[in-house]
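Hi,

Here's the structure I promised to pass on. Have a look at it first, and then read my notes below.

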Amino acid sequence: MKSNAVRMMSVAGSLLAASVTVALATASAQPAPLQEGAGVLKDRRIGYVMTHKYWAVYETDGAKTECPQGFNDGPREQFKKLYEDGKKRSIVEAQLKREGDQWHPTTAPEAFVFKEAQGNISYGLNLDGKVGPEDFTSPEGEKGIDNQLYRVIGCIGHYRTMGTINHFENLFMRSYDDTRIVIELTEVDSLQNDDSVVVSIYRGGDGLLQDATGEGFIPGGTQRIDTRWGKEYMSKMNGKIVDGVLITEPVDRVMLPWGVTFGTSGYHVFRGFQWKLKLDPEAAEGLMAGFVDVKAFNHHLNTSWSTHHHSYGQLSSPSQYKALMRLADGYPDPKTGQNTAISSAVKVKFTQVFVQQPEQKELVSKK
Amino acid sequence: MAASGPYWQSKDSTDAEAYVDVPMPPGIQVVQTELEGPVYATAEGKTIYTWPLGGLRNGNAGDRRNSGVSSCDDTIYKETSGYMSPYPPGFLLPELETRRSCEQLWPPVLAPADAKPVGKWTTIKRKNGQSQWAYDGYPVYTSDLDKKQGDVYGGTNALSGGAQGIVRRPIGPPPDVPPELAVVPFRTGRMLTTHKGFSVYVSDADENGKSNCTGRCLSDWDPVVAPQTAKAKGEWSVIERSPGIKQWAYRGKPLYTYVHEKKARAVTGSDNPGWHNVYTQRALPPPAEFTVQDSRIGQVLADKDGKTIYLYQCNDDALDQQTCDHPDSPQVYRLAICGNFDPALCQKTFPYVKASPGAKSDSSLWTVETIDPNTGKWAKPGDAGAIQVWTYRRRPVYTYGDDLKPGDANGDNYGEFNGQRNGFRAFWVRDDYRNNNVGRAPNDR
């Protein structure tokens with residue numbers, strides 16, 4: 001694990017580098033002739049809407065490499081080990097105690113063994129620009145990949161390909177417009193190579209255009225931007241396009257809508273957030289990465305999914321919290337020194353959309 | 001923004017929902033209530049409820065329609081049923097020494113032995129041989145929580161459903177609306193929609209019995225068309241926009257839908273100056289110092305400092321599905337969620353909303369009560385450590401410690417089953433994304 005100080009310095013260094021890049025880019029910003037891929041660009045801009053998102057988990061056949069001891073226990077298994085000894089108990093001693101532990105988790109050791117993902121290959125980005133002993137190598141061979149979240153969730157069934165979080169979080173992202181994540185690239189001269197573009201993140205307010213199969217998404221739709229309720233989800237960052245791949249500089253804090261069903265409208269918070277996306281005129285695909293705020297990550301899990309749902313995928317929230325805190329590797333608390341965030345990556349796919357900013361008008365309900 | 005505006009009606013308003021005059025047995029009456037509109041009540045004025053069968057994750061609870069059987073009897077359940085996954089059955093329930101039976105909490109509305117069916121009213125025989133009234137095939141009850149006429153503390157149609165537990169619902173006569181329209185119960189009032197669920201609006205530019213929405217106006221607003229056979233009745237009238245085209249009007253004002261609204265039960269049309277959603281009746285305003293704040297999917301009710309207000313919901317896991325959201329009920333459920341049984345932590349995580357000395361509200365829904373914050377139970381003014389708190393439907397309301405600025409609603413869905421089963425839900429007054437469901441899916445009970 002990297003030290004807190006190293007993490008802080010590396011993140012700060014990246015941010016400094018980003019600001020230098022921005023300054024240089026701004027100084028040299030002159031309208032350039034449009035280059036290849038420019039046919040889809042309107043006013044040097046192109047938008048995309050997210051259609052898929054999966055916490056990045058590198059999976060081998062039968063999980064033999066990353067989970068040689070199998071997967072973790074979930075709430076049902078842990079409850080059985082704790083309480084199925086024939087002794088008569090009250091609800092306070094059992095069910096409510098487990099719920100209390102879930103809503104007020106601690107880092108105190110527990111009797112259950114937590115199985116972290118093994119191996120040194122993982123998806124993700126090099127968030128701190130360094131190669132350290134705890135870092136992974138990407139499947140393509142890039143060293144220095146920061147994704148300690150993979151260590152935590154890699155052997156929890158919920159997060160794997162057939163896991164329920166993967167299934168339902170995507171299903172509900174498509175079902176509910178408040179989870180709509182839209183990016184818009186501006187100041188774009190070429191989708192192939194451009195040394196300076198601006199990337200804005202918004203919440204869109206419209207449905208996705210699904211094809212007749214219900215599985216595919218059709219480019220060319222419109223997304224109206226929610227600048228009223230979705231203000232907190234708006235971010236802006238600088239980036240460049242190299243050989244058709246968008247790479248952005250890290251930004252300190254990004255909040256993304258991540259609601260599911262049951263009237264939930266939760267979100268995730270990323271620190272040192274970056275995109276790496278392969279662009280084409282109709283779609284984009286790649287990774288978003290950053291340090292997820294552990295407290296917010298745990299809060300999202302508990303408020304979005306009940307213990308019943310955790311049980312679908314053998315996800316013990318109290319055990320996962322302990323692992324998150326143990327492996328957290330960024331953004332130390334200035335008072336305690338305890339890291340508050342953990343490196344992570346999310347595999348994402350987008351479809352091209354036209355981004356429509358709302359007309360500014362006085363709303364009665366704002367008076 | 002102060003908590004007034006479009007969501008509530010003034011205390012001077014006389015708006016009240018009209019209902020269809022349906023046959024009722026002797027001794028049953030209709031009573032107007034602030035939140036639920038007209039409800040059936042006993043001769044003593046006690047609101048009447050049913051307990052329709054509903055599904056939990058591992059089983060069903062409630063009364064099966066037309067079964068002729070009441071599931072609410074004199075059994076005092078001792079253990080959990082295991083209906084709420086993932087927890088198995090057989091755990092001892094709290095406060096067993098004082099736990100009461102279902103029929104003590106929900107006294108059956110008894111009928112004379114020779115009672116005859118009237119309209120939707122029939123009778124069933126209870127296990128002890130007594131006759132009990134049933135409505136629409138469901139046995140009917142009163143609530144031990146209701147003390148006087150107009151109290152509806154035993155249940156509401158205006159809260160969220162989902163995994164809330166199998167709750168009791170107040171019943172009343174059907175609202176007097178044409179078949180093309182419907183009434184949707186919100187926490188802030190009873191809103192008119194089309195029968196397909198889309199909100200209807202009125203315009204300040206219209207006159208009584210006359211629409212001035214023509215030409216370009218019609219590109220944004222669709223008149224709610226009335227059939228050729230439509231006739232005026234009560235508060236409903238019909239205007240003829242042009243030869244052969246009729247439009248419904250309510251309380252004299254022509255009705256429209258907003259063509260840009262794609263979601264049901266929306267209020268976005270009311271963002272246009274001069275246009276208003278239509279309610280048969282609205283609740284009276286919350287406490288004067290309360291505010292309304294913009295949040296991530298709409299607007300929430302908040303305290304004077306802008307901190308979002310939360311309601312606590314709870315049903316236990318016994319077969320009779322007793323509520324545990326009230327200071328009369330065991331508090332260990334709430335204490336587990338808000339503080340892992342530590343009252344001090346609880347008051348930090350979800351603090352009570354304290355009322356200023358002498359504070360009161362015009363709304364019957366909002367009252368100031370005295371609470372012992374350490375036990376969560378009622379206290380008397382002057383008791384050591386007792387505090388005066390705001391309650392909604394006589395349940396204390398809360399803020400959330402980790403809401404750091406106005407509009408934060410981070411405590412929403414905090415607790416078992418997204419806060420529906422044993423937990424906290426934000427007091428949403430407007431939701432632009434989830435069909436104004438605030439967690440309530442159309443088919444939820």
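**What I found**

Let's start with chain B, which splits into three domains: domain 1 (20–174), domain 2 (181–282) and domain 3 (291–431). Taken over C-alpha atoms, the centres of domain 2 and domain 3 of chain B are 36 Å apart. Keep in mind as you read that this is a predicted model.

**Chain A in general**

Chain A has eight helices and eleven strands. It has 367 residues, and 50% of them count as buried. If you take the contacts in chain A between residues at least 6 apart in sequence, 70% of them join residues at least 24 apart.

How confident is the predictor here? The average pLDDT of chain A is 90, and 87% of the residues score at least 70.

Which of its residues are buried? They are A:Thr164, A:Ile165, A:Asn166, A:Glu169 and A:Met173. The buried residues of α5(A) pack against β1 (46–55) and α7 (307–312), both in chain A.

Next, find α6 of chain A, residues 294–304. This helix is mostly covered, with ten of its eleven residues buried. The buried ones include A:Phe297, A:His299, A:His300 and A:Leu301. What do the buried residues of α6(A) pack against? Within chain A, the partners are α3 (95–103), β8 (267–280), β9 (283–293), α8 (317–327) and β11 (339–356). There is also a partner in chain B, namely β28 (414–416).

**Where the chains meet**

That brings us to the contact between the two chains: 33 residues of chain A touch 39 residues of chain B. On the chain A side, the elements giving two or more residues are α2 (75–83), α3 and α7. The largest share comes from α3(A), which gives six residues. By type, the chain A residues on this side divide into twelve nonpolar, 13 polar and eight charged.

Happy browsing!

Terms used:
Residues numbered from 1 in each chain as written. Chains lettered and ligands numbered in written order. Predicted model: local features only at pLDDT ≥ 70, side-chain atom pairs only at ≥ 80, totals over all residues. Domains from an automatic or database assignment. Helix = DSSP H or I, 4+ residues; strand = E, 2+ residues; numbered from the N terminus. Buried ≥ 20, exposed ≤ 12 C-beta atoms within 10 Å, placed from the backbone. Contact = placed C-beta atoms within 7 Å. Nonpolar A, V, L, I, M, F, W, Y, C, P; charged D, E, K, R; others polar. pLDDT = per-residue confidence, 0-100.
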